[in-house]
Amino acid sequence: MSENGKRFTVLVTDPIDREGLKPLQDHPGLELRVELSPAAEKLTSLLTDTNAWLVRSETKVTAQWLEKAPALRIIGRAGVGVDNIDVAGASRRGIAVINAPQANTIAACEHTWGLLLSLSRNIPQADSDMKQGKWDRARWMGTELQGKTLGVVGLGRIGREVAKRAVAFGMRVVAHDPYISTEQARGIGATLMPLPGLLGESDYITLHVPGGAQTKGLINDATIGQVKAGARIVNCARGELIEEKTLVEAIKSGRLGGAALDVFTKEPLAADSPLRGLPNVILTPHLGASTTEAQRKVAEELSKGILEFFERGLARYALNLPGFDPETLEQIGPFLELGEKLGAFVGQMLDAGLKEVRTVFHGDFEERHRHPVSVAALKGVLTSILAQGVGFINAPILARERGIKTTDEIDPSILEGYSRLLDVIAVTDKGEISVSGAIISHAPRIVRLGDLVVDVRPKGRMIVLENQDRPGMIGQVGTLLGGRGVNISDMRVGRHAPKQKAVMVLLVDEDVPGDVLRELGQISGITGVRWVRL
Ligand code: NAD
Ligand code: MLT
């Protein structure tokens with residue numbers, strides 16, 4: 001277990017349950033160093049010989065810190081979201097990233113219910129009054145949950161548990177999750193509907209989607225206008241899902257009847273945040289996963305993963321490293337990357353319940369290489385839609401759990417002059433979304449979107465526009481983006497023939513705000529706008 005006679009060092013920089021970390025503490029081959037929230041200078045010195053780094057959400061494992069950790073081999077995230085870790089940067093350095101995705105599902109679900117009940121009965125506000133010596137029964141009149149509609153946005157692990165418990169409260173449950181099928185939702189007792197419908201019908205709205213470019217600002221100036229007057233909203237997922245300024249205004253104007261927030265755009269929440277001054281807003285400091293049981297389980301899961309990694313060199317549940325042998329990796333490495341990129345692209349183009357992910361291999365792919373490439377494509381698709389982190393090992397399991405079929409097909413004929421061409425196709429409730437790619441000059445390239453030929457490097461930030469080809473279209477798009485300060489670094493167009501269906505892929509230098517994407521969608525002739533980040 002030791003490297004050159006030295007013990008492996010495991011650094012812990014966020015509060016993680018000590019009892020759960022005992023297997024690491026007690027192991028003679030490991031040195032556990034717990035240094036919570038170290039100052040930059042201290043962290044720099046600690047990282048010089050750290051082999052494993054364990055964090056919760058407070059520590060940001062950025063490229064800058066990875067550079068200072070030459071001996072780092074594995075990062076463990078005590079929880080679900082890995083949005084505080086530069087996973088791509090870690091992959092480039094061959095550092096495995098593991099997490100503990102299931103251990104805090106119930107804790108987060110129960111905290112959500114705590115917030116829902118607090119919102120309906122004003123429990124924290126009444127408690128605060130009592131502590132100040134008051135006895136005001138009239139001020140804190142509540143409302144009942146029974147007979148009300150709960151809108152669950154995101155029917156993943158936590159959303160499902162929340163939905164199941166709503167049935168016991170006699171609530172009607174509606175849900176929005178574009179990536180699960182109607183039957184799956186029905187099985188949980190929820191009726192699926194598009195987001196505007198859910199917002200308009202729900203008395204209580206609860207958010208359970210991943211953070212990231214696709215969901216950032218889900219509740220914004222435009223969507224708040226769709227919310228039923230007086231509805232109450234709970235966010236126990238990620239702060240960035242709600243534009244805080246919009247929320248404050250909606251509460252002040254009475255458009256929203258109340259809000260309960262466990263997570264914030266910037267944590268810790270600023271001491272002078274306007275949210276703190278609103279009586280019908282309930283705030284908790286990111287406590288969703290903070291139960292003794294969840295924290296114990298999270299720490300135990302991580303300890304197991306770290307021990308297995310050091311004892312057997314295995315990161316079975318790594319989110320970023322496939323467990324293939326070096327020879328296979330060398331041969332199919334580029335196709336694994338291509339499969340994953342195509343999958344991630346398709347995942348971000350989805351607009352309806354996902355039923356199947358199909359991979360089609362055109363040309364001379366070896367039989368034994370097909371399965372890993374299909375799994376890479378599936379991993380790419382699921383990574384775009386799930387919060388929990390998807391690895392090569394758990395991708396097929398997650399797909400099965402969500403009722404998504406996975407298939408691969410071989411077509412030995414050579415297509416369009418490419419000796420090897422890969423299609424990744426998502427079959428959804430509405431139809432098929434397909435993207436094809438090849439390896440060109442040792443690098444992945446997207447060569448077809450649906451039936452339109454394109455030539456796009458699958459890297460960076462992109463706006464994908466479906467449009468009717470017509471004069472002036474490119475100019476209008478360019479003018480709008482230029483006016484909003486968005487720099488276009490490259491642009492690719494695919495079309496069958498003049499004035500027919502076309503696609504534009506614009507590579508841009510920075511994130512594009514949701515309202516700018518919505519404005520693009522209003523240009524006459526544009527039929528679809530998607531934001532894709534690869
Ligand atoms: P999950 O991956 O199991 O589920 C996410 C669900 O969201 C999936 O079903 C996915 O299909 C759906 N989804 C993705 N994009 C969507 C969109 N645009 N609209 C609607 N649905 C969409 O994740 P989970 O484990 O249930 O976690 C849910 C959230 O809770 C995550 O943001 C996670 O980071 C957060 N979380 C917070 C705490 C806390 O302490 N407050 C604790 C655990 C998890
Ligand atoms: C998570 O993603 O697991 C949560 O935000 C919980 C946490 O980190 O405390």
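Contact is taken here to mean heavy atoms within 4.5 Å. By this criterion, and leaving aside neighbours within four places in sequence, Leu382 is in contact with Val390, Ala395, Leu398, Ala399 and Ile404. The model is predicted, so that local features need pLDDT of at least 70 and side-chain atom pairs count only at pLDDT 80 or more, while totals for chains, interfaces and linings use all residues. Residues are numbered from 1 along each chain as its sequence is written, and side-chain values use heavy atoms, with hydrogens and water left out.

The protein chain is divided into domain 1 (8–102 + 293–320), domain 2 (105–283), domain 3 (322–458) and domain 4 (460–534); the bounds come from an automatic or database domain assignment. The centres of domain 2 and domain 4, taken over C-alpha atoms, are 33 Å apart.

Leu382 is also among the residues with the most contacts inside the largest nonpolar core, which has 45 residues. A nonpolar core is a set of buried Ala, Val, Leu, Ile, Met, Phe, Trp, Tyr and Cys residues joined through side-chain atoms within 4.5 Å, where buried denotes under 20% relative accessible area (1.4 Å probe, protein chains only). At least three residues of this core come from each of domain 3 and domain 4. Another core, of 30 residues, lies apart from it and includes Val153, Ile205, Ile219 and Leu241.

Thr13 lies in the loop between β1 (8–12) and α1 (22–26), helices (H or I, at least four residues) and strands (E, at least two) being DSSP runs numbered from the N terminus. Thr13 is buried, with a relative accessible area of 1%.

How values were computed: Chains lettered and ligands numbered in written order. Buried < 20%, exposed > 50% of the residue type's maximum accessible area, 1.4 Å probe, protein only.
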